[in-house]
Amino acid sequence: MTKDRKLIIAGNWKMNKTVAEALDLVAGLKRELANVKEVDLVVCPPFTALGAVAQAVLDSNLRLGAQNMSEHNFGAFTGEICAGMLKEFSVRYVILGHSERRQYQKESDALIARKAAAAHAASLKPIVCVGETLAEREAGRMENVLETQVRGSLAGLSKTQMDETVIAYEPVWAIGTGKTATTQQAQEAHAFIRRVLAGLFDEAVARRVRIQYGGSVKPSNARELMSQPDVDGALVGGASLEERSFADIVKNSI
Ligand code: PGA
């Protein structure tokens, strides 16, 4: 399969894996995926495992991502982690605005945009998540919601920064539910997001930005999803917690 944009597949481990478990998983992924060059591979462990995983991936094609970061660079923000701290562990990517954070931590588009700016200032590549709920989709508001989230969460970023930004389209109703968007639903949403990017930046930027799909991606549906013209990778939750399923998602996507 050929596409101008290089696929990027990231594992979002969420609040799973002790250090020992994380090292086990990474050892397995290194064995399974050592020869993969066609896809950018990213693992996003919890903060507590970043240091150990950073060492473990040094000699591999796996890149490190974090699941969140503060908009601030330092200071009295108990419990928060800043970009500079992530950089200490050679983190390259940071997931921002995941729907679980939008829902449970009430993260707004404006906050996510400030975090994205802070990430870029530290040369971290944000993976900015957007996606509609089932109620929003059923009310015919999908496009409206996606446009608001894309515009709001990327507000203030430059065209150059967009080249170092990944977008993840994750319909909330498909996350952890076993319900994957059909390939057609995914393609439609991705094409729509790309049109919004063209309006916000320009056609060339929109053509270059990689848009991942997320929501119950599994080995069995990866190939069909990745074959869609505007789907440039996957953000994988549940299926990224086991070496076999994550490796098969990657192999089935090539
Ligand atoms: P899931 O999660 O693959 O378990 O549906 C995806 C995500 O939340 O990033």
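Keep in mind that the model is predicted.

**Salt bridges**

Let's start with charged side chains. Side chains of opposite charge can pair when their charged atoms come close. This structure holds 21 salt bridges, and three of them are set out here.

| Pair | Closest N and O atoms |
|---|---|
| E243 and R31 | 3.6 Å |
| R194 and D232 | 2.7 Å |
| R244 and D248 | 3.0 Å |

Take E243 and R31, whose closest N and O atoms are 3.6 Å apart. How open are the two ends? E243 counts as partly exposed because its relative accessibility is 25%. R31, at 61%, is exposed.

Now for R194 and D232, with their closest N and O atoms 2.7 Å apart. Here too, distant parts of the chain are linked: R194 belongs to helix 9 (residues 183–200), while D232 lies in the loop between helix 11 (219–226) and strand 8 (233–236), and the two are 38 residues apart. Are these residues buried or exposed? R194 has a relative accessibility of 8%, so R194 counts as buried. D232 is buried as well, with a value of 0%.

**Strand 3 and its neighbours**

Next, have a look at strand 3 (residues 62–66). Of its 5 residues, 4 are buried, so the strand is largely enclosed by the rest of the structure. What does strand 3 pair with? Strand 2 (residues 39–44) runs parallel to strand 3, and 3 bridges join the two. To find your way, pick out V42, which stands opposite R63 in strand 3. Strand 4 (residues 93–96) also runs parallel to strand 3, joined to it by 2 bridges. In that pairing, A66 has V94 of strand 4 as its bridge partner.

Together, strand 2, helix 2 (residues 47–56) and strand 3 make a right-handed β-α-β unit.

**Around the ligand**

Finally, the ligand. How many residues surround the ligand? There are 13, and the closest are K14, H98, E170, G176 and S216.

For K14, a polar side-chain atom lies 2.7 Å from a ligand oxygen. N12 also uses a polar side-chain atom, placed 3.4 Å from an oxygen of the ligand. With G238, by contrast, the atom is a polar backbone one, 2.8 Å from a ligand oxygen. How much of the ligand does the protein cover? On its own the ligand exposes 290 Å², and the protein buries 95% of that.

Definitions and conventions. Residues numbered from 1 in each chain as written. Predicted model: local features only at pLDDT ≥ 70, side-chain atom pairs only at ≥ 80, totals over all residues. Heavy atoms only, no water. Salt bridge = Lys/Arg side-chain N within 4 Å of Asp/Glu carboxyl O. Buried < 20%, exposed > 50% of the residue type's maximum accessible area, 1.4 Å probe, protein only. Pairing = 2+ DSSP bridges. Right-handed = clockwise from strand over helix to strand, strands pointing away. Near = heavy atom within 4 Å. Polar contact = N/O pair within 3.5 Å; in protein donor to acceptor, adjacent residues only side chain to side chain. Areas by Shrake-Rupley, 256 points an atom, 1.4 Å probe, with all protein chains shown as cover.
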